[in-house]
Amino acid sequence: MGIHPLKDAFETSRRAFLRTGAATGGGLLLGFSLAGKGAARAAAPAALNTYVRIAPDGWVTIVAKNPEIGQGIKTMLPMLIAEELDADWEKVRIEQALADAALYGRQFAGGSMATPLHWDELRRVGSAGRQMLLTAAAQSWSCPVGECDTTPGVVRHAASGRTLAYGALAQRCATIAPPELATVPLKDPGTYRIIGKSMPNVDGEAIATGRQQFGIDVKVPGMTHAVFVKCPVFGGKVVSANLDEVKAQKGVRDAFVVKGGDALDGLLDGVAILADSWWVANKARDVLKVEWAEGETARQSSAGYAEAAAKLFEGEPQAVLRKDGDAAGAFAKAAKVVEAEYAYPFLAHANMEPQNCTARVEGGKVEVWAPTQNPEEGRGLIVKHLGVKPEDVTIHMVRCGGGFGRRLNNDWMVESAAIAKQAGRPVKLVWTRQDDIQHDFYRPAGFHKLKAAVDGEGRLTALSDHFVTFGQGEGFSRSAAMSPVEWPARAIPNIDYGVSKIPLGVPTGPLRAPGSNALAFVFQCFIDEVAHAAGKDPVAFRLEVMGAPRVLASPAPTPPGGRPPVGYDMGRQAGVLKLAAEKAGWGRKLPRGTGLGCAFYFSHLGYFATVIQATAARDGAFKVDKVWVVGDVGSTIINPINAANQVEGSVIDGLAHAKGQITIENGRTVESNFDDFPLTRMNEAPPIEVHFLKTDNPPTGLGEPALPPVMPALCNALFAATGKRIRKLPIDTADLAWS
Amino acid sequence: MAYTIQVNGQGRTVDVDGEMPLLWVLRDELDLKGTKFGCGAALCGACTVHVDGEPVRACVTPISAVTGKVTTIEAVGATSVGKKVQAAWIAHDVPQCGYCQAGQIMSASALLAATPKPTDADIDEAMSGNLCRCGTYTRIRAAIKQAAGLPVADSRET
Ligand code: FES
Ligand code: FES
């Protein structure tokens, strides 16, 4: 990769850039910059990738490629580069990347994938930079590279005691061919100075002092504020609206109908109201009257789905999901058969920062400032609905006030762009909390009818599940499918999993630990029931079903471009469960009304186990006394202070599933704010103890896998406390009353 | 109509509807965006500011009703309590997404100004109106204790 003349655009920043590439076509490249006018100039063509710049004063700028949603990635990914670059973390500045897949590859916050996808690559980027600095120093000292070494921010020649700061070497680096990423050396983990050390959030101070900009804080010249009113029934169309009356409201600049399409995850019909202040625009909704064509979905309701599920449970599943061995035979021979039905509701994401986006559409170009988890999906929507080319859309990824999967969908992004285009001026669209709760892509509800066979020795011999979920034909509603390897499949010989589907007009989507966040509740509570029926301790019974430490084979060969197959390591799973039980003092005697419950789960490559102590009053009102969590996410906890924060947050988030639900009536969402869609509050937040079990495996992500075991651990603790089984969420405390 | 209010030690005049909540006056009229919108209904605390030192939900406080001195997250660090609270927040690495934290810091500063050595029950009482969707409560509790000069260990642990 050669050195290229600097583009004029960069001159304005009074920085000359020296960039050099280590790979082409979406690969990784380094860049080194030099400040000052007379500096040598070079720049990469637009398709090049760049992560690192070093200024003459030694400050290192590292680009954070992924969206920041509170998972700490803006701090963590640069740590990987800085470690192998041997940068001085105190002299590192972090810069948020633009959304540019050609430069950075995929940029998204989802699936807890950032660690597994970048652990190797970004350390190599850092190492390549260090190699170039070493070469540059060796050249200026006319000595072999092998005689040079680094300390943070400095290359030294031990034999002569000479040193050169990185800042002094950056210019020379521009003339050095970058090494192959695949062959650069990586540090011995025992020598890490940054990885494995707690590095506080790089935006922590800006946040604490109110200076941090979130999406909702964006301001562009000439901007107006907008609200967008959609049909309360999902996908409903505008027939007519009293726009003149709305426009006559004091301070309202404009009001118009935006025509959308039919896809629930695209641009939908609605009325935009624009004013110089958001509050004025929103207040004008009071006089807005819209006649909607509500469509078929208006006939759907949560009660209707439950009825449909009950009907489906009377018959055989519509399709087989997995069949191993002879479950029917095992049931016939069982000493005990345990049967139970479980159900869980739709859930909203309720990011603390309501959905919002700022857009400018001018001369066929679209520019958006978007708190997004998934910019490329938004670009696609804008291309589709505004008829522009992908390269004409610029996406600034602004810090998100929470993600949780909601901002993988970019409906609000295309809305802001469509409104800005129609308005002919830049627009900041902000949703109300009601808009946010009532126009979400919900965690799908689900229904399970389970049956387990236990033999004369109290061993689990067969398990069957009839899963009623949502979808039509071959397809499932988004995030509404279940994996055929749901544990204990592959651990026991006889499995019968079947599935039936109900058509759904309500949009669904991934909520933190999608699928797992509900399936863990069902399977880890049911296994607890079976343990009790078998007369065994719930921890010991789980370990017995896991069996010998071994890897349960991955389900299926990976489709082209899909994720690599993942086995399920029973040894790692048992390891975290045993340690969680030990930390919690499992088995200790507790007064009636207080109990310990456990659960484990494997998701997003992370092995977790949770023990909860909970206390229920006689009327069933309960409190979580304490939570112990043990996680195995591999050999290295990259940023321990943030890792613990993610786990603590997952527990608090998971506990909210005890009381939250989204109810559909007449095709619309009933709940509208934090009074009827409650989250965990300070007075309900228990002490949380977090431990990591380090094992010799590559590091994996932490945004999600700690969440799934929380709810089953709580329900199992409440059973231990009261003898009452929770099989339906949210928890109705009346069901827990005991005497 | 025109309203003059004291914000962060300065007289500021805005010409708006008297019903406009202080939150939107701060954010859209005065360009003080540190105070956040979360619910608009006094349910989440993201919009918490101080009026004469008391924590107030700016989203339900009409501008016409504001007579006292308003302090926002941008200026709370000028008070010794606010400064300590902010420092403790940074030291404990409290924020995840950070969106709720301005409101949390304003509530915590008001708590410590009134109750310099709060108990866990005092913390529950003062902070339960502030939601944190990311679930940073254990750290918020620890940071409040640190700012108060109390032992940080969670006395509620079993
Ligand atoms: S925005 Fe004021 S309390 Fe939520
Ligand atoms: S840090 Fe995200 S809502 Fe509190």
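Which handedness does the crossing of α2(B) and α3(B) have? The crossing of these helices is right-handed. Keep in mind that this is a predicted model.

**α2(B) against α3(B)**

- Helix α2 of chain B covers residues 80–91, and its axis comes within 9 Å of the axis of α3(B), with a crossing angle of roughly 130 degrees.
- Angles over 145 degrees would count as roughly antiparallel and 65 to 115 as roughly perpendicular, so α2(B) and α3(B) end up oblique to each other.
- On the α2(B) side, the residues in the contact are B:V81, B:G82, B:V85, B:Q86 and B:W89.
- Facing them from α3(B) are B:Q101, B:Q104, B:I105, B:A108, B:S109, B:L112 and B:A113.
- Sorted by class, this contact has seven nonpolar and five polar residues, with no charged ones.

**α3(B) against α5(B)**

- Helix α3 (residues 101–114) and helix α5 (residues 137–147), both in chain B, have axes that come within 11 Å and cross at roughly 40 degrees.
- That angle makes α3(B) oblique to α5(B), and the crossing here is right-handed.
- From α3(B), the contact uses B:Q101, B:Q104, B:A108, B:L111 and B:L112.
- Their partners in α5(B) are B:I140, B:I144 and B:A147.
- The tally for this contact is six nonpolar residues, two polar and no charged.

**Cis peptide bonds in chain A**

- A:W487 and A:P488 are joined by a cis peptide bond, with omega at about 15 degrees.
- You'll find A:P488 in the loop between β22 (475–476) and β23 (494–502) of chain A.
- Another cis bond links A:L729 to A:P730, and its omega is about -5 degrees.
- A:P730 sits in the segment after α18 (710–722) of chain A.

**Positive phi in chain B**

- B:N8 isn't a glycine, yet its phi is positive, near 50 degrees.
- B:N8 lies in the loop between β1 (2–7) and β2 (10–15) of chain B, and it counts as partly exposed because its relative accessibility is 24%.
- B:A42 is another non-glycine with a positive phi, about 60 degrees.
- The loop that holds B:A42 runs between α1 (22–29) and β3 (48–51) of chain B.
- With a relative accessible area of 36%, B:A42 is partly exposed.

**Cysteines**

- A:C231 has 3% relative accessibility, so it counts as buried.
- B:C59 is buried too, with a relative accessible area of 7%.

- A:T115 belongs to helix α4 (residues 114–141) of chain A.
- Is A:T115 buried or exposed? Buried is the answer, because its relative accessibility is 7% and the cut-off for buried is under 20%.
- Setting aside neighbours within four places in sequence, A:T115 touches A:M76, A:I638, A:P699, A:T700 and A:G701.

Technical notes: Residues are numbered from 1 along each chain as its sequence is written. Chains are lettered from A and ligands numbered from 1 in the order in which they are written. This is a predicted model: local features need pLDDT of at least 70, side-chain atom pairs count only at pLDDT 80 or more; totals for chains, interfaces and linings use all residues. Side-chain values use heavy atoms; hydrogens and water are left out. Axes are lines fitted to C-alpha atoms, for helices over the stretch in contact, and angles run from 0 to 180 degrees between N-to-C directions. Helices (H or I, at least four residues) and strands (E, at least two) are DSSP runs, numbered from the N terminus. Angles under 35 degrees count as roughly parallel, over 145 as roughly antiparallel, 65 to 115 as roughly perpendicular and the rest as oblique. A crossing is left-handed if the near helix is turned anticlockwise from the far one by less than a right angle, and right-handed if clockwise. Contact means heavy atoms within 4.5 Å. Ala, Val, Leu, Ile, Met, Phe, Trp, Tyr, Cys and Pro count as nonpolar, Asp, Glu, Lys and Arg as charged, and the others, Gly among them, as polar. Buried means under 20% relative accessible area, exposed over 50%, partly exposed in between (1.4 Å probe, protein chains only).
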